[in-house]
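Here's a quick tour of a protein fold, topic by topic. Have a look at the structure first, then read on.

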Amino acid sequence: MGRHLVVGATGGFGGAALRQLCAAGEPVRVLVRSRAKLKIPAGAADQVEVVEGDASVLSLLLDAAKDCESIFSGLCVPFPRWIPGFQQLHDNAVEASGLTGATLVLPGRVLACRPIYGVPQPPQLHTSMHLDGVGPYGRLLQAMEAQMEQNCSLRGVRALVVRAGSLFGAGVDNPLMREMIRAARAGQPILWPGDPESMHLFSWSDDVARAAIRLLREGGGSPFTVWNVPGHALTGPEWAAALGAAAGKGALPVQARRGWTLKLAAMFREPEAWAMGEREAWEGPLLLDDRPTLAALPGFRLTPLAEALRSVFDNAPGSAQGAA
């Protein structure tokens, strides 16, 4: 059993990958800029080797990836600096995979992707195809997946993209999700950047990481594969009710922003600015066809939404456990 490298282990997907790899008994190496920010799961200290360094420095990433069978990339930068910051980090992860032979595992995003209309229920499916990106961020995601596929073809390495909905969970810190959690804890209306009656897909980061680890082992030997991970498809009122219940506030109302009101708010507030980049995914709805994934992972079950959301509030800053 080979070692796995996790980069971005203090963030949403990277932190979830670390937790789930440790839970599966796998040896892990993490590359982090600050050891003090890293949360190693209880009882897993002997499984985890910690290397301090910056993944934006390719030589450091290459050193960390040596003798690793996979690289779980949770690398990201704040949304306004995605171009070119995110692309540069991704370039390094792809190069490290190509030069070391490690399988690259990347969380896919439905950010700024055009929905597919006019197909049977569920009404809009985004299947495991090349992304149809909308705007600069959607085109960036298209380029990143194409780069991974080319790396697999030219260098004979393997890569997995695990596409999911809007991530929530420990370490997930995008401005829109942060605002939703803050509002729920305060018992205030939940921001919804689209038609409240339109469904949106939400994915608990630990479920996505758990699926990624199984797909690494059980997903077949194709060099480049894209998998749609199951998630929770909810309307605005359903999501607001689930957040309110988890926060102990009861069902909360929805604060919908659409059209010009979203554009105006995006000029002044970070959550709406983030939502503008995801507007196609929120107005879609943009759901994922997860049937091939479920067929490849017999017995895979989503964590119940109430349980997943309770973990978010239990570990949020300011909570009893989160402050510990």
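Let's start with a sheet: three strands make an open sheet in the order 8-10-12, with mixed pairing (strands pair if DSSP finds at least two bridges between them). Keep in mind that this is a predicted model, where local features need pLDDT of at least 70, side-chain atom pairs count only at pLDDT 80 or more, and totals for chains, interfaces and linings use all residues. Residues are numbered from 1 along each chain as its sequence is written, and side-chain values use heavy atoms, leaving out hydrogens and water. Strands (E, at least two residues) and helices (H or I, at least four) are DSSP runs, numbered from the N terminus.

- Strand 8 (166-168) and strand 12 (232-234) are the edge strands, each pairing on one side only.
- From one strand to the next, the twist averages 35°.
- Strand 10 (residues 200-204) and strand 12 run antiparallel and are joined by three bridges; His200 has Leu234 in strand 12 as its bridge partner.

**The nonpolar cores**

- A nonpolar core is a set of buried Ala, Val, Leu, Ile, Met, Phe, Trp, Tyr and Cys residues joined through side-chain atoms within 4.5 Å, and buried means under 20% relative accessible area, exposed over 50%, partly exposed in between (1.4 Å probe, protein chains only).
- The largest one has 32 residues, and Leu5, Ile71 and Met148 touch the most other members.
- Elements that each supply at least two residues of this core include strand 1 (3-7), strand 4 (68-73), helix 3 (82-100) and helix 4 (135-155).
- Another core, of 31 residues, lies apart from it, with Leu18, Val50, Leu160 and Phe300 among them.
- Leaving aside neighbours within four places in sequence, the contacts of Ile71 include Leu5, Val7, Ala93 and Leu104 (contact means heavy atoms within 4.5 Å).

**His4**

- His4 sits in strand 1 and is buried, with a relative accessible area of 1%.

**Helix 8**

- Leu262, Ala265 and Ala266 are buried in helix 8 (residues 259-266).
- What covers the buried residues of helix 8 includes helix 9 (270-277).
- Trp260 and Lys263 are exposed, on the face of helix 8 turned away from its buried side.

Note on methods: Axes fitted to C-alpha atoms, helices over the stretch in contact; angles between N-to-C directions.
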